[in-house]
Amino acid sequence: LLLLTGFYPVKAQTGIWTELNSRAAELYNKGEYDKAIPVARQAILTAGNEFGYDHENYITSSNLLANIFFEWGDFKNAEILFGDVLNRKKKLYGELNDSYAETLLDLGILYSEKTGQQEKAEKVFTPYAEIIRKLKGDKSGEYATALNTLGNVYTNLNDFKKAESFY
């Protein structure tokens, strides 16, 4: 009867999503991206239907699929998903959050290293560096790395004077 009504206990819902997401992550870690994509898509669909589209599980699965696309070389789909994940994390956690900053970093790497879109990279690495400064402090290694990354972006933009200020 439970199957006919579409009602599933929360524990069962979480279990299905966990299995799908874990399987997608396993395939991703093995480099089997073509096999991971449909499993990750199913995990996203399950999370959205069962928990909602602003739930952590939906965001987690979307982020995984973005990373799969990134590694597979499908940068357009990776960009779309990273952007969606970023917006949902901002709504759920706010901007001053490690997870939000991590997605900014992922998007910045996509732009700077994979697609050569340095202007877009600058637009995401700049707030990333500021968030890291606020979260970790201006003496942290992570902040120093963020500044170095911005310096690299400005070097790639041939703005050497500005780049020098970040090294």
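This is a predicted model: local features need pLDDT of at least 70, side-chain atom pairs count only at pLDDT 80 or more; totals for chains, interfaces and linings use all residues.
**The core.** The largest nonpolar core has 43 residues. Among its members, L65, I68, L104, L107 and Y128 touch the most others.

Helix 3 gives the largest share, 8 residues. Y128 touches A101, L104, L105, E142 and A146, leaving aside residues up to four places away in sequence.

**Helix 4.** Is this helix enclosed or open? Of its 17 residues, 13 are buried, so helix 4 is largely enclosed by the rest of the structure. Its length also checks out. At 1.5 Å a residue, helix 4 should span 24 Å, and its end C-alpha atoms are 24 Å apart, which agrees. G73 follows helix 4, and the phi of G73 is positive, near 95 degrees.

**Helices 5 and 6.** At what angle do helix 5 and helix 6 pack? The angle is about 160 degrees, and the axes lie 9 Å apart. Angles over 145 degrees count as roughly antiparallel, and helix 5 and helix 6 are therefore roughly antiparallel to each other. The crossing of helix 5 past helix 6 is left-handed. On the helix 5 side, the contact residues include F75, F82, L86 and Y93. On the helix 6 side, they include Y100, L104, L107 and Y111. L104 is also one of the core residues that touch the most other members, and Y128 touches it too.

How values were computed
Residues are numbered from 1 along each chain as its sequence is written. Side-chain values use heavy atoms; hydrogens and water are left out. A nonpolar core is a set of buried Ala, Val, Leu, Ile, Met, Phe, Trp, Tyr and Cys residues joined through side-chain atoms within 4.5 Å. Buried means under 20% relative accessible area, exposed over 50%, partly exposed in between (1.4 Å probe, protein chains only). Helices (H or I, at least four residues) and strands (E, at least two) are DSSP runs, numbered from the N terminus. Contact means heavy atoms within 4.5 Å. The expected span of a helix is 1.5 Å times one less than its number of residues. Axes are lines fitted to C-alpha atoms, for helices over the stretch in contact, and angles run from 0 to 180 degrees between N-to-C directions. Angles under 35 degrees count as roughly parallel, over 145 as roughly antiparallel, 65 to 115 as roughly perpendicular and the rest as oblique. A crossing is left-handed if the near helix is turned anticlockwise from the far one by less than a right angle, and right-handed if clockwise.
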